[in-house]
Each structure stands twice: as structure tokens, then as C-alpha cells.
Amino acid sequence: MGSETPLKLPTIDFSMPNLKPGTTEWDLVRAQVRNALEEYGCFEALFNKVPLDIRKAIFEATEELFDLPLQTKLRNVSQKPFHGYVGQYPMVPLYESMGIDEANVYEHVQSFTNMFWPQQNPSFSKTVQSFSDQLSELDQIIRRMILESLGLEKYLEEHIGSTNYLLRVMKYKGPQTSETKLGLNSHTDKNIVTILYQNQVDGLEVQTKNGEWINVKPSPDSFIAMIGDSLYAWTNGRLHSPHHRVMMTGSEARYSTGLFSIPKAGYMVKAPDELVDEEHPLLFKPFDHVEFLGFYYSEAGQRAQSALKTYCGVQN
């Protein structure tokens, strides 16, 4: 058993100079994206459009934010579930996170920043906005490749326009022990695409379709791209939305960021007619993502084995 190669997520290179729609390179990478998302629901992405200084600065900004007093952090409130400050949970005592809505738009980031630093903190705003804006390019490349691979390019403009970006910054305290402790419970994301970036402290684990857990160890230059339940529903089950969790050991804090493309409130997530046929009957009724989130965080949603199926699944 000891000699078996540990499972590893596929690595896909988005840094090729000729990666443009219609080129051989694009078609090659698009096929890799489709295969990885069908099989694993996620992959490691090499993407050089986010410069090293911005990648370093985002962790400095994240540390600066989490070093603020708790009373200050509690100012980060949102009417949308899981968009504001999350922490102080006995079930996951190592975890806390903050949400920055529309983090690719400077004015939105600036108003977020001014809530914590009334005397202003322009370098924080600039770092968060630059990082989110540059990373949103990777999100849009991935989504374009998905739609092309499904023959649904005609929906691309509507699909991209139907979402906003949320940047969640996350801190996991080191448990101060060599024993493995839970950092964040196993869950699927509820949005369209998530792009994760972490510091040098590992902890992310992704579950395969047959129930095995992969320890994800990305390089300092790579991101983890993953699809959520909303895209799983929109593709009528063609792609896989994977369960994942965070497990922590040691004394070092783990910092990570997640750029989430999220359907706008009022937009109905609905599988296109082209993806529904005898072989692929409709799996989910159309739904509003924000209302689905409300159900997910209710007692019934937390109890459900699959909140999505319970909320809007079609009995085939």
C-alpha cells in the first residue's frame, strides 16, 4: 500500500502566450478543462496574469484585516448568508472569514476598506481590487471553455453577465498540535466557479467521486479552480461539484482567498434546453441562487444530504 502514488488533481497551464479562442492551444486546454471538471470538479491552474507582487500583497492585506479587533471585524455584515464576517463557531474554532462583495470594482472595495479604516487604507483597496480583477480573467476563460465544450457559446454573454464576484478571505489558526484537526467541514460550493489561492500552509482536501480524499498541495504559483452547485445545475449534471474540506495540523496559520462567481439575486439558474434530453432528463427546477443560499443555511438545508436536490431537485 505504501508504494501507491497519492492521488493528485490535474494541472492545467493557462499561461501559454497563444491562449486565444480559435487556436490549437485553446482547444487543447479546453479539452483538459472539460475532462478535469467531469472527473474531479476541480483542477490546479497555472496562470501568470496575477503578478507575484500582487499575490504576496494579498496575503499581507489578509493578515492585516484579520489582525483587527473582533469588534471591528464584526462590522462586516451582509444580508446574504455567508457574505459577511464568519467566525466564533464552536464547530470550527480554527476558522474565520470575511466577504468583500464586487471585489473587482474599486469603489466597492474602497467602501469596504473605509468601514475598517476610517482614516483610509488605499494600499489595501488597491491590492484587493487588482487581485480580484486579474483573477476574474481566469474565471471567465474557464467559463468560456466550459460553454464552448458544451456547444453553448450563444449563452456566453448572458452567462458572464448574470454573475458578480465575491472575494472571501479566510484564516485558519494553527491547532498547535501534530494531530489533524478540522478547519472547515466537508461541503460543496453553491456558486458558479471558485478560484482558491493559499499561502504555504496546506490543508485543502477534495473528495473524489468514489469517496477518496485528495490532499491538495498547490505550488506557490498556482490556483485551484472548482465548480459549485449552481454550475452543476446549469450544466444539468454534466460537470461534477466536489465535496471539499480543510484539515489542519501544526502551529502556523493558513491564509487563503477564494474568488467566487455568484449568480445575481433575481437571476434564475436554469439548464439550457440543449442540455436536456432523454439521456439527460432535467435534474433541477430553475432557482434563484440567493434564495437557495437562504435554504442551505436553514436547519433543513444543513440536515439535507444534498441541499440542492432537496431544494429544487426533479423526481425523475
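Which residues does the UniProt annotation "domain: Fe2OG dioxygenase" cover?

1. According to the unreviewed UniProt entry, "domain: Fe2OG dioxygenase" covers residues 162-263. UniProt positions are given in the numbering used here, feature names are shortened, and annotations may be inferred rather than shown by experiment. Over residues 162-263 the chain is 6% helix and 56% strand, and the end C-alpha atoms of this stretch are 6 Å apart.

2. **What kind of model this is.** You are looking at a predicted model, where local features need pLDDT of at least 70 and side-chain atom pairs count only at pLDDT 80 or more, while totals for chains, interfaces and linings use all residues. Residues are numbered from 1 along each chain as its sequence is written, and side-chain values use heavy atoms, with hydrogens and water left out.

3. **The chain as a whole.** The protein chain has 10 helices and 13 strands; these are DSSP runs numbered from the N terminus, with helices being H or I of at least four residues and strands being E of at least two. Its C-alpha atoms fill a box of roughly 55 × 50 × 50 Å, taken along the principal axes. For 316 residues, a compact globule would have a radius of gyration near 20 Å, and the 19 Å of the protein chain agrees with that. The radius is taken over C-alpha atoms, and the globule rule is 2.2 Å times the number of residues to the power 0.38.

4. **Surface and interior.** Of the 316 residues, 51% count as buried. Buried means under 20% relative accessible area, exposed means over 50%, and partly exposed lies in between (1.4 Å probe, protein chains only). The protein chain exposes about 15100 Å², and carbon and sulfur atoms supply 50% of that area. Accessible areas come from the Shrake-Rupley method with a 1.4 Å probe, and for residues only the protein chains shown count as cover.

5. **Contacts along the chain.** Among the contacts in the protein chain with a separation of 6 or more, 77% come from residues 24 or more positions apart. Contact here means heavy atoms within 4.5 Å.

6. **Helix H5.** Helix H5 takes in residues 122-149, and its 28 residues should span 40 Å at 1.5 Å a residue; the end C-alpha atoms are 41 Å apart, which agrees. The expected span is 1.5 Å times one less than the number of residues. Gln134 has its place in H5 and is partly exposed at 23% relative accessible area. Leaving aside neighbours within four places in sequence, Gln134 is in contact with Phe47, Lys49, Val50, Pro51 and Ile54. Just after H5, Gly151 takes a positive phi of about 70°.

7. Side chains of opposite charge can pair when their charged atoms come close. The whole structure holds 15 salt bridges, each a side-chain nitrogen of Lys or Arg within 4 Å of a carboxyl oxygen of Asp or Glu. One of them joins Arg34 to Glu38, with the closest N and O atoms 2.8 Å apart; these two residues are four apart in helix H1 (residues 24-39), about one helical turn. Another joins Arg144 to Glu148, with the closest N and O atoms 3.1 Å apart. Both lie in H5, four residues apart. Arg144 is partly exposed at 33%, whereas Glu148 is buried at 14%.

8. Lys190 pairs with Asp229, the closest N and O atoms being 3.4 Å apart. Lys190 lies in the loop between strand E5 (177-187) and strand E6 (193-198) and Asp229 in helix H7 (residues 229-234), so the pair ties together parts that are 39 residues apart in sequence. Both Lys190 and Asp229 are buried.

9. **His289.** Is His289 buried or exposed? With 2% relative accessibility, His289 counts as buried. His289 sits in helix H8 (residues 289-296). Beyond its neighbours within four places in sequence, His289 is in contact with Lys190, Asn191, Ser230, Ile262, Pro263 and Tyr267.

10. **Leu94.** Leu94 is found in the loop between helix H3 (70-73) and strand E3 (95-101), and counts as buried at 13% relative accessibility. Not counting residues up to four places away in sequence, Leu94 touches several residues, including Lys171, Tyr172, Leu182 and Met248.
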